[in-house]
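Here is a short briefing for a first look at this structure. Keep the sequence and the 3D view side by side as you read.

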Amino acid sequence: MIYLDNNATAQPHPEVIEAVRECLVNNWQNPSAHYASAKAAHEVVEKARESVAALVGAHPDEIVFTSGGTEATNTVLNTWIHGRNDNQMQGRNERNGYGSDCAVIATLTTEHPATLRTLEAGRQCGKCATLHVEVDRRGLPLIDVWEEALQDATGATFCMANNETGVIVPTETLVNICRRYEIPVHVDAVQAVGKMPLNLDGLGVDYASLSSHKIHGPKGVGAMFVRRGMSIQPLIYGGGQEGGYRSGTTNVPGIVGFGAAARIALEHMQERIAYVSYLRNKFEMELLKHIPRISINGHDAPRLPNTSNITFEGCPSEGMMLLLEIEDICCSVASACKAGNHTPSSVLTAMGLDSAEAKSSLRFSFSSMNTEEEVDRAIEVIVCSVNSLREVQSSHSGPVIVYKP
Ligand code: PLP
């Protein structure tokens, strides 16, 4: 298999697998218990917290472990939507014309469903209004529209690096505007973590969502960054674990695996960035050289080094996916969370692509576990697939049927 879908999930690193195994054997106790053996389980969790904090430029006490990025985002946004409004927020709502009980959240049109659907659920119960700030053709937010939205907003949330295109938004600029209007700001850093240097404390964000399985760690574990001095309302109540912010018996093996993945990601950050950039750039250059009428979405914006989102004119993405699958090459039509849904990608249409262009686009995402031979083979198969599809499309008006052996 040639796995080029690392933004959906990344294969666990061998050292992560070993760390989880060792933890299940030696540190299976409940870390909240008081006997000596449970203390060791507590210590490995705290060590993992230090590793995750170091990777994202935070203090360990600013890291709250969760079941993943989705839960972290839901917790922060629901704090704003269902939490008690402070005086400052009520004053703002009196001016902006929304009810005093309504959170007004500024976000981007290219957000992940974890954000968009949480905001939509808040809207449905009459507790949230969303101000969707548009992006340009490159996938970058319109700064003056962002600033305008913040005049009315009571909270702001955006994705630092887009999961479908890899486009990196100007976080510092967006956060500085939030600071100017004294608006709390949350960032979805799920795709940014481990793929670019991060300093959440330095950036001045208040909250962030992090995930383990995008950096070769286990699934079902992630974290919420809560800046010192900021508070959060739990989504899950119970035994008061994670400082009361996230109850439930601690997922020690998952957290230890996340910690190991974070430590490795930090140690190898520069070398991984250089390697995946090389693979991605070679991939794009060769495809551009050999295939006419293709475009790389977000190519003129800062991008994650591992992500390539390409529109192959005249090649429906489902047909392309089938041809690639026959050769055991895995990539993605849109984000994995929307699999099975054949409407055009809302991220690409937000960037101005029309429906046909968006439906002829594929995402390839690389990792340090890919080899150059895999990339060479993928290039070869993609060139052949595009040629076959275009040939069939030009000679037939009917549907293209692909027989899978
Ligand atoms: N945010 C972004 C940008 C993502 O790409 C994903 C996963 O696809 C998530 C949030 C959700 O993270 P998790 O799978 O840890 O819940």
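Two residues are in contact when heavy atoms of theirs lie within 4.5 Å. The model is predicted.

**Phe 158 and the nonpolar cores**

- Phe 158 belongs to the largest nonpolar core, which has 61 residues. Along with Val 56, Ile 63, Phe 65, Trp 146 and Leu 210, Phe 158 touches the most other members.
- Helix α9, residues 252-267, gives this core its largest share, nine residues.
- In soluble globular proteins, nonpolar side chains tend to be buried together.

**A parallel strand pair**

- Strand β3 (residues 103-108) runs parallel to strand β4 (residues 128-133). Six bridges join the two strands.
- One of the pairings involves Ile 105, whose bridge partner in β4 is Thr 130.
- Helix α5 (residues 113-124) forms a β-α-β unit with β3 and β4, and the unit is right-handed.

**Two glutamates with positive phi**

- Most residues other than glycine have a negative phi.
- Glu 182 is not a glycine, yet has a positive phi of about 55 degrees. Its place is the loop between α7 (171-180) and β6 (185-188).
- Is Glu 182 buried or exposed? Glu 182 has a relative accessible area of 56%, so this residue is exposed; the cut-off for exposed is over 50%.
- Glu 242 also has a positive phi, of about 55 degrees, without being a glycine. Glu 242 sits in the loop between β8 (222-226) and α9.
- Glu 242 counts as buried because its relative accessibility is 15%, and buried means under 20%.

**Glu 284 in helix α10**

- Glu 284 is part of helix α10, which spans residues 269-290.
- Why does Glu 284 count as buried? The relative accessible area of Glu 284 is 8%, so this residue is buried.
- Which residues does Glu 284 touch, not counting those up to four places away in sequence? They are Ile 296, Arg 303, Thr 307 and Ser 308.

Key
Residues numbered from 1 in each chain as written. Predicted model: local features only at pLDDT ≥ 70, side-chain atom pairs only at ≥ 80, totals over all residues. Heavy atoms only, no water. Core = buried A, V, L, I, M, F, W, Y, C linked by side-chain atoms within 4.5 Å. Buried < 20%, exposed > 50% of the residue type's maximum accessible area, 1.4 Å probe, protein only. Helix = DSSP H or I, 4+ residues; strand = E, 2+ residues; numbered from the N terminus. Pairing = 2+ DSSP bridges. Right-handed = clockwise from strand over helix to strand, strands pointing away.
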